Amino acid sequence: MSVTTHGAVAASVKRPRLSATAQHALFAYGLVVPTVLLLLGLIGYPFLYAIFISFTNRVVGNAGHFVGLANFRFLVNSPDFRASVWNTITIVVVSDAAKLAIGLSLALLVNQRLPGRGIFRSILMLPWAMPAFVVFLTWRVIYQPIGGGLNLILTGAGLYSGYIDWLGERATALPAVIVATVWRGFPFWFISILAALQTIPGEQYEAARVDGANAWQRFRAVTFPGIRQVVIITTLLSSIWTANSFENVWLLTQGGPSDSTMVFPVLAYFGMQTMQLGQAAAVSVTMLPVLAILVFAATAMAQRGAED
Amino acid sequence: MSRASSWTRRHILGASAGAAALAIGARHGALAAPAVQKGSTLTYWGGLIFSDQANKTLTDAINKWGADHGVRTEVVMINQNDTVQKVSAAIASGTMPDALDVGLDLLIVLARQGVFLPVDDTYNAIGKDHGGWLPPVDKASNLNGGRFGIPFGISGNMLLRRNDVLSKAGFPNAPTTWAELVTQSEKIVKPPFFPMGFCLGNAGDGNTQVNVLQSYGGRIADDSGKEAAIKSDATRAYLTWLKDAYDKKLFPPGVTAWDGAGDNNAYAAGTIAFAANTGSVGIAARKDDPDLYQGTLYSALPGGPKGVISPIGPQLRSIPKTSKNPDGAKALFEYLAQPGYTGAYYANAIYGPVLANEEQLSVFGGKDPILAGLLDLVKKGTAPGFPDVYNAAYADVMNSFLIPKMIQRVVVDHWDFDRAMDETQAQIQATYNKYT
């Protein structure tokens with residue numbers, strides 16, 4: 001009897017009990033699990049499935065079978081794919097640089113105490129607020145060689161009397177797409193940088209002035225460090241959006257003329273049009289490494305900014 | 001007076017009418033129309049077209065059929081540009097409708113995958129009831145001897161021409177060859193009026209150039225439908241014709257980047273004299289610009305040294321294998337082939353007829369030049385893809401716009417013909433290889 005009692009006591013003593021920390025951790029994991037499952041279902045599964053499809057010859061109506069790298073080989077041998085690599089990089093780099101320049105300039109201007117700056121800020125946001133569809137169709141009309149706004153201005157100003165085929169010539173098509181893309185995208189830069197500017201304490205500028213710093217020195221020593229983090233994150237986000245942007249090219253040129261404005265999203269769309277889902281997925285997958293780097297960089301920057 | 005002599009004319013006419021009615025009834029009985037299950041449901045994806053009235057006519061007709069037969073109908077009109085994506089998603093998720101409208105491209109691909117039910121019985125029954133299928137329609141909708149879709153309209157390009165301008169310049173008749181079209185264009189070109197409004201961009205209209213190429217003897221692939229055959233003297237002759245016209249600035253600036261609305265916009269703006277169009281621009285002009293409508297005439301596409309290539313594009317109704325109401329769908333298809341419906345539909349949709357009896361519909365009587373042109377197209381048109389083999393690889397080449405891109409290499413990038421043909425030959429072959 002005493003042995004039994006002793007055994008029961010021993011068992012109760014030896015039973016491993018979770019520490020309070022572990023219990024809290026378990027509880028926390030339990031709370032997070034639904035979110036993780038949701039993310040896996042809504043993001044992880046489609047993401048991995050798209051990668052899987054890119055290695056198959058799946059077409060509409062047929063799951064297809066594993067074809068290894070055949071879709072990627074087909075793409076690499078396609079002139080459109082090679083052009084889309086170069087064009088996508090060009091559009092992202094040039095339009096980001098232009099958006100930075102315009103967004104920063106306007107943010108610095110509007111950050112001053114100017115009369116009617118509230119209205120000015122609202123007007124500057126209009127391109128961002130308008131539906132992309134409307135924006136790019138409007139730009140298409142502006143670029144029309146006959147009766148288009150741009151040629152009418154040039155003709156009216158006596159600068160040129162012919163018909164510049166802005167979207168139909170290799171030399172002008174890509175720049176035309178970039179200009180429209182910049183117009184649509186700069187307000188995001190403007191508002192982000194303006195928000196960052198307004199967090200810089202006025203005392204820092206006062207101190208710099210007292211120290212005899214001129215405007216450029218104040219920008220370099222006070223303004224730029226204050227907005228640097230935002231500029232980096234805006235650059236990364238804008239790069240991702242621009243690289244994935246479809247409407248700008250599709251509504252203006254459909255990737256032409258020739259392959260002068262062909263970009264990844266349009267190429268993927270062509271894959272969908274031809275019902276070659278495996279091939280369309282392969283186009284998207286080839287973009288993945290670059291976009292993944294940008295996404296991870298943006299996330300890391302954002303975290304670092306939050307910690308600072 | 002004999003008994004027979006007591007039959008008056010009225011008796012004879014009455015007896016004849018009764019016999020005819022009995023005969024019609026017997027024929028319908030012999031065809032054994034599909035049994036419609038009362039209380040069942042039928043979902044239908046209709047192809048949305050630009051005419052709201054035509055879309056409404058279809059929707060109302062389906063709902064009326066459902067109400068008459070005790071079937072719950074659900075009609076969803078799908079933008080035809082989105083059909084591929086929606087059908088693709090529906091197949092993957094097992095949510096295909098009970099019946100749907102499809103174009104020939106999609107029908108070929110999906111029939112190949114075994115997605116659709118064969119509908120030979122319904123096809124034959126409808127043909128028998130309405131004087132038979134028009135021969136080009138019958139040929140175009142035959143997939144390796146089987147029927148997987150019921151044609152309900154034919155689209156295709158006609159040549160629209162500014163008769164008011166051309167007549168004044170001494171050209172009262174439509175050009176019969178592409179070379180003649182250039183000759184006429186040279187006489188009337190006067191910037192900003194550029195006569196040849198043919199899309200050379202990466203859009204469906206750009207593929208009209210494939211028909212011109214084929215009329216010069218050019219081919220996408222060989223007769224087996226497996227080997228690319230674009231590099232040829234015939235293609236070179238076509239490119240010579242094209243570049244000559246382009247260099248003479250007979251094409252409007254911007255054609256190399258036109259989208260599907262490019263020719264419509266230019267024609268409506270009065271800046272071009274010719275367009276290859278389904279007639280939509282004419283219908284729009286009827287309401288918006290009566291002068292333009294009056295000044296426009298419609299004819300078959302011109303020909304090249306190898307004749308006229310003017311393909312017809314059938315629109316079809318099909319039944320997925322997953323349909324829960326295939327008999328209901330077949331009965332609906334038969335109902336939608338009745339002249340009471342088709343007459344109202346054709347009056348608003350820009351489709352040509354598919355059945356022999358439909359030629360007699362008042363809408364095709366010649367009052368409307370667009371519908372008369374469409375009837376002409378159906379009679380004289382060529383099978384899709386002809387003289388090439390219309391298979392999935394051919395459709396892929398069309399949807400990838402490889403021929404417009406070859407043209408752009410020549411007129412935009414200034415490549416020589418051989419270089420442009422070599423690149424296109426390689427791309428077409430790579431495309432065909434995917435299907436072998």
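Of the 436 residues of chain B, 49% count as buried, a residue being buried if 20 or more other C-beta atoms, placed from the backbone, lie within 10 Å of its own, exposed if 12 or fewer do, and partly exposed in between. This is a predicted model, in which local features need pLDDT of at least 70 and side-chain atom pairs count only at pLDDT 80 or more, while totals for chains, interfaces and linings use all residues. Residues are numbered from 1 along each chain as its sequence is written, and chains are lettered from A and ligands numbered from 1 in the order in which they are written.

**Overall form of chain B**

- A compact globule of 436 residues would have a radius of gyration near 22 Å, and the 24 Å of chain B agrees with this; the radius is taken over C-alpha atoms, and the globule rule is 2.2 Å times the number of residues to the power 0.38.
- Along the principal axes, the C-alpha atoms of chain B fill a box of roughly 85 × 55 × 40 Å.
- Chain B has 19 helices and ten strands, which are DSSP runs numbered from the N terminus (helices H or I, at least four residues; strands E, at least two).
- Among the contacts in chain B with a separation of 6 or more, 77% come from residues 24 or more positions apart, a contact meaning that the C-beta atoms of two residues, placed from the backbone, lie within 7 Å.

**Strands and sheet**

- An open sheet of five strands with mixed pairing has the order S2-S1-S3-S10-S4 in chain B, where two strands pair if DSSP finds at least two bridges between them.
- Strand S2 (72–79) and strand S4 (150–155) of chain B stand at the edges with a single partner strand each, so one side of each is left without a neighbour in the sheet.
- S4(B) and strand S10 (residues 313–318) of chain B run antiparallel and are joined by five bridges, with Ile150(B) opposite Arg317(B) in S10(B).
- Strand S5 (residues 158–162) of chain B is joined to S6(B) by four bridges, and the two run antiparallel; Leu160(B) stands opposite Ala275(B) in S6(B).
- From strand S6 (residues 274–277) of chain B, Phe274(B) and Ala276(B) point one way and Ala275(B) and Asn277(B) the other way, and all are buried.

**Contact with chain A**

- The contact takes 33 residues from chain B and 31 residues from chain A.
- On the side of chain B that touches chain A, the largest share, five residues, comes from H3(B).
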